[in-house]
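Work through the exercises below with the sequence and the coordinates at hand. Each task is followed by a solution in steps.

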Amino acid sequence: MKDNLKPARRQFLKMGGAALAMIPVAVLSGNAIAATNAGMRTSMKYQDTPNGDKDCANCVQFVPGKTPKDLGTCKIFPGDTEISPKAYCAAWAAKP
Ligand code: SF4
């Protein structure tokens, strides 16, 4: 029966199986997988240094990590888990 599958469908099923196999590895590792959002970083002119007294730590969009010095996330950078509290971007807005 498997031989009756078209090559594209067979390849799709193989890729789907591989993707499913990776889910338990990611879940069981206990650690979030660090990632950056390169597209957002470029479009928002993200930089790893503050702009004067403006930085992510005092931006309304910043979600801090475990400690104030740890990497955090940004509400407008989906999937990016490596936002430095000392970074800055064009979307900076002061915390109220
Ligand atoms: S909007 Fe920009 S400055 Fe504000 S937390 Fe996100 S990356 Fe940092």
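**Exercise 1. Secondary structure and confidence**

How many helices and strands does the secondary structure of the protein chain come to? Give their pattern along the sequence, and state how confident the predictor is in the chain.

Solution. The model is predicted. Step 1: the protein chain has 2 helices and 2 strands. Step 2: read along the sequence, these elements follow the pattern α-α-β-β. Step 3: the pLDDT of the protein chain averages 82, and 67% of the residues score at least 70. Step 4: over residues 17-30 the pLDDT is below 50, and this stretch has 1 contact in the model beyond near neighbours in sequence.

**Exercise 2. Burial and the nonpolar core**

What percentage of the 96 residues in the protein chain is buried, and which residues make up the largest nonpolar core?

Solution. Step 1: buried residues account for 16% of the 96 residues. Step 2: the largest nonpolar core has 10 residues, namely Tyr46, Cys56, Cys59, Phe62, Cys74, Phe77, Ile83, Ala87, Tyr88 and Cys89.

**Exercise 3. The shell around the ligand**

Which of the 15 residues around the ligand come nearest, and how does the shell divide by class?

Solution. Step 1: Cys56, Cys59, Phe62, Cys74 and Cys89 come nearest among the 15 residues. Step 2: by class, the shell contains 14 nonpolar residues, 1 polar residue and no charged residues. Step 3: compare with the largest nonpolar core, whose members include Cys56, Cys59, Phe62, Cys74 and Cys89.

**Exercise 4. Threonine 73**

Is threonine 73 buried or exposed? Locate it in the chain and list its contacts.

Solution. Step 1: Thr73 belongs to strand β2, which spans residues 73-74. Step 2: Thr73 is buried because 20 other C-beta atoms lie within 10 Å, and the cut-off for buried is 20 or more. Step 3: apart from neighbours within four places in sequence, Thr73 is in contact with Val63, Asp80, Thr81 and Ile83. Step 4: Ser84 is 11 residues from Thr73 along the chain, and their C-alpha atoms are separated by 8.2 Å.

**Exercise 5. Proline 50 and alanine 93**

Where are proline 50 and alanine 93 found, and how does each count in terms of exposure?

Solution. Step 1: Pro50 is in the loop between α2 (38-43) and β1 (62-63). Step 2: Pro50 has 17 C-beta neighbours inside 10 Å and therefore counts as partly exposed. Step 3: outside four places in sequence, Pro50 is in contact with Asp55, Lys86 and Tyr88. Step 4: Pro50 and Cys89 are 39 residues apart in sequence, with 8.6 Å between their C-alpha atoms. Step 5: Ala93 lies in the segment after β2. Step 6: Ala93 has 12 C-beta neighbours inside 10 Å, so it counts as exposed. Step 7: Ala93 is in contact with Cys59, Val60 and Gln61, leaving aside neighbours within four places in sequence. Step 8: the C-alpha atoms of Ala93 and Cys56, 37 residues apart along the chain, are separated by 9.0 Å.

**Exercise 6. Two lysines**

What is the phi of lysine 45, and where do lysine 45 and lysine 69 lie?

Solution. Step 1: most residues other than glycine have a negative phi. Step 2: Lys45 has a positive phi of about 55° although it is not a glycine. Step 3: Lys45 lies in the loop between α2 and β1. Step 4: Lys45 counts as exposed because it has 11 C-beta neighbours inside 10 Å. Step 5: Lys69 is in the loop between β1 and β2. Step 6: Lys69, with 12 C-beta neighbours inside 10 Å, also counts as exposed.

Technical notes:
Residues numbered from 1 in each chain as written. Predicted model: local features only at pLDDT ≥ 70, side-chain atom pairs only at ≥ 80, totals over all residues. Near = placed C-beta within 6 Å. Nonpolar A, V, L, I, M, F, W, Y, C, P; charged D, E, K, R; others polar. Helix = DSSP H or I, 4+ residues; strand = E, 2+ residues; numbered from the N terminus. Core = buried A, V, L, I, M, F, W, Y, C linked by C-beta atoms within 7 Å. Contact = placed C-beta atoms within 7 Å. pLDDT = per-residue confidence, 0-100.
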